[in-house]
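Subject: Structure handover

Hello,

Here is the structure for you to look over. My notes follow below it.

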Amino acid sequence: MNIAMVGTGYVGLVSGTCFAEMGNIVTCVDVNEEKIQNLQEGIMPIYEPGLREMVLQNQEDGRLNFATSLASCIDEADVVFSAVGTPPDEDGSADLRYVLEVAREFGRHIKKYTLLITKSTVPVGTWFKVKNAVQEELDKRGVSVPFGVASNPEFLKEGTAIEDFMRPDRVVVGVEEERAATLMRQLYRPFTMISDRVQVCDIPSAEMIKYASNSMLATRISFMNDIANLCELVGANVDAVRRGMGADDRIGSKFLYPGCGYGGSCFPKDVKALIRSGAELGYHMSILEAVEAVNERQKTIPFAKLQAAIPDLKGKRIAVWGLAFKPGTDDMREAPSLVLIESLLAHGCEVRAYDPVATDEARRRLGEDTLTYCDEMYETCVDADALVIVTDWKQFRVPSWAVLRKTMKGRIIIDGRNLYDPDEAAQQGFVYNRIG
């Protein structure tokens, strides 16, 4: 099948590359000429394990191409995916300007039946606006060209996005007509041959599934963080509580790990957008408002624990392990590390930080001279009064206690991801404080 993928961000680039890997001819489109030129030269705009190698191989094999306009490839396309960004407006609602511009561009250039598939995360009802935008452009042209619209939300996790796409647990497809459903089943058949996981439904339901899924996961995280905070107050062990809860088949064990809050491109944005969607219809999303409030509070807890351990932080050297919002990515959008570092700097701390892949992104966001960026995890700890762990990268999970004792001036560890056994840390001579 011939595919045009508009948008070369996280979703568009991963999706387009994986479609090409299965033998489709894919053109990834982006109006950012520098980004397209970089991609043609093998320079990736994002970090995702295995992506660069897959992009280069499919380029070499002639299945993956890059262009700066949809018009240049739409004549050959059977389907066009819209995978552009939907950043939140100031009121929390999703900004649909890019989604609607893709729809208008689609309407300006189609000459035969083509299916326009929205892969961006959009509020329920966006499909109707997309359909109208296409039709308005056709009316301006004075032509009658058949077309279809569909919703195909993505469920990719940063750090495992390729695996998630190649072996999906489900493929949600929202359509109006059987012709579109047939095309979508054909497109995803190579990914679901062992087990047909394509779920076809109406378009509003498909749009809602994405928001509802991410909001449920965010809810579990905030709920568990609330439980962890209460465990500290009553003297319970949150790990024991989590295991006991997770053993219940009705609950399960996933997303029950307490920490210093969620971040990234999806959960914060989608929770805000769903709250806003409810407000626009006069419905109060009370649970999600609480989820958001708990998460924002949770991001402040590592600093609060540090301040309790060292009341006068001015001039203290603090080591920070982890800058990305989660391991496996360089994404720092809504990252807990940003809240922590802002508080540390505001209290006059000297901050030294390390992250395996997010250092360049941190420099872009925080500046070159606001803190010291280290190339190695133990270098961060040289003469540090305390260490704060923010991201649970695997290399942080089994530290050398001897090296930490030798390099650190203080013995305080604030663990925002509960990586270590408290008894072991205490036996190694550290004052260890974690979540719950």
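First, a definition: buried means under 20% relative accessible area, exposed means over 50%, and partly exposed is in between (1.4 Å probe, protein chains only). By that scale lysine 131 is partly exposed, because its relative accessible area is 29%.

Now the ground rules. This is a predicted model, in which local features need pLDDT of at least 70 and side-chain atom pairs count only at pLDDT 80 or more, while totals for chains, interfaces and linings use all residues. Residues are numbered from 1 along each chain as its sequence is written, and side-chain values use heavy atoms, with hydrogens and water left out.

Salt bridges

The structure holds 32 salt bridges. Each is a side-chain nitrogen of Lys or Arg within 4 Å of a carboxyl oxygen of Asp or Glu. In general, side chains of opposite charge can pair when their charged atoms come close.

Start with lysine 131. Its salt-bridge partner is glutamate 176, and the closest N and O atoms are 3.1 Å apart. This pair links distant parts of the chain, 45 residues apart. Lysine 131 sits in helix α5 (residues 126-141). Glutamate 176 sits in the loop between β7 (171-175) and α7 (178-188). Helices (H or I, at least four residues) and strands (E, at least two) are DSSP runs, numbered from the N terminus. Glutamate 176 is partly exposed, at 43% relative accessibility.

Next, arginine 185 and glutamate 178. Their side chains form a salt bridge at 3.4 Å, N to O. Arginine 185 is partly exposed at 39%. Glutamate 178 is exposed at 51%.

Then there is arginine 364 with glutamate 361. The closest N and O atoms of this salt bridge are 2.7 Å apart. Both residues belong to helix α14 (residues 359-366). They are three residues apart, so about one helical turn separates them. Is arginine 364 buried or exposed? At 59% relative accessibility, arginine 364 is exposed. Glutamate 361 is buried, at 18%.

There is also a network. Salt bridges with shared partners join Glu101, Arg104, Glu105, Arg108, Glu137 and Lys140.

The sheet

Eight strands make an open sheet with mixed pairing. The order is β3-β2-β1-β4-β5-β6-β7-β8. β3 (64-67) and β8 (198-201) are at the edges. Each has a single partner strand, so one side of each is left without a neighbour in the sheet. From one strand to the next, the twist averages 25°. Two strands pair if DSSP finds at least two bridges between them.

Strands β5 (residues 114-118) and β6 (residues 147-151) run parallel, joined by five bridges. Threonine 118 stands opposite serine 151 in β6.

Asparagine 2 is in strand β1 (residues 2-6). Asparagine 2 is buried, at 18% relative accessibility. Which residues does asparagine 2 touch? They are Ile25, Glu76, Ala77, Asp78 and Val79, not counting residues up to four places away in sequence. Contact means heavy atoms within 4.5 Å.

A helix pair

Helix α12 (residues 301-309) packs against helix α13 (residues 336-346) at about 35°, with axes 8 Å apart. Axes are lines fitted to C-alpha atoms, for helices over the stretch in contact, and angles run from 0 to 180 degrees between N-to-C directions. Pro302, Phe303 and Leu306 in α12 meet Leu340, Ser343 and Leu344 in α13. The contact residues divide into five nonpolar, one polar and no charged. Here Ala, Val, Leu, Ile, Met, Phe, Trp, Tyr, Cys and Pro count as nonpolar, Asp, Glu, Lys and Arg as charged, and the others, Gly among them, as polar.

Best wishes
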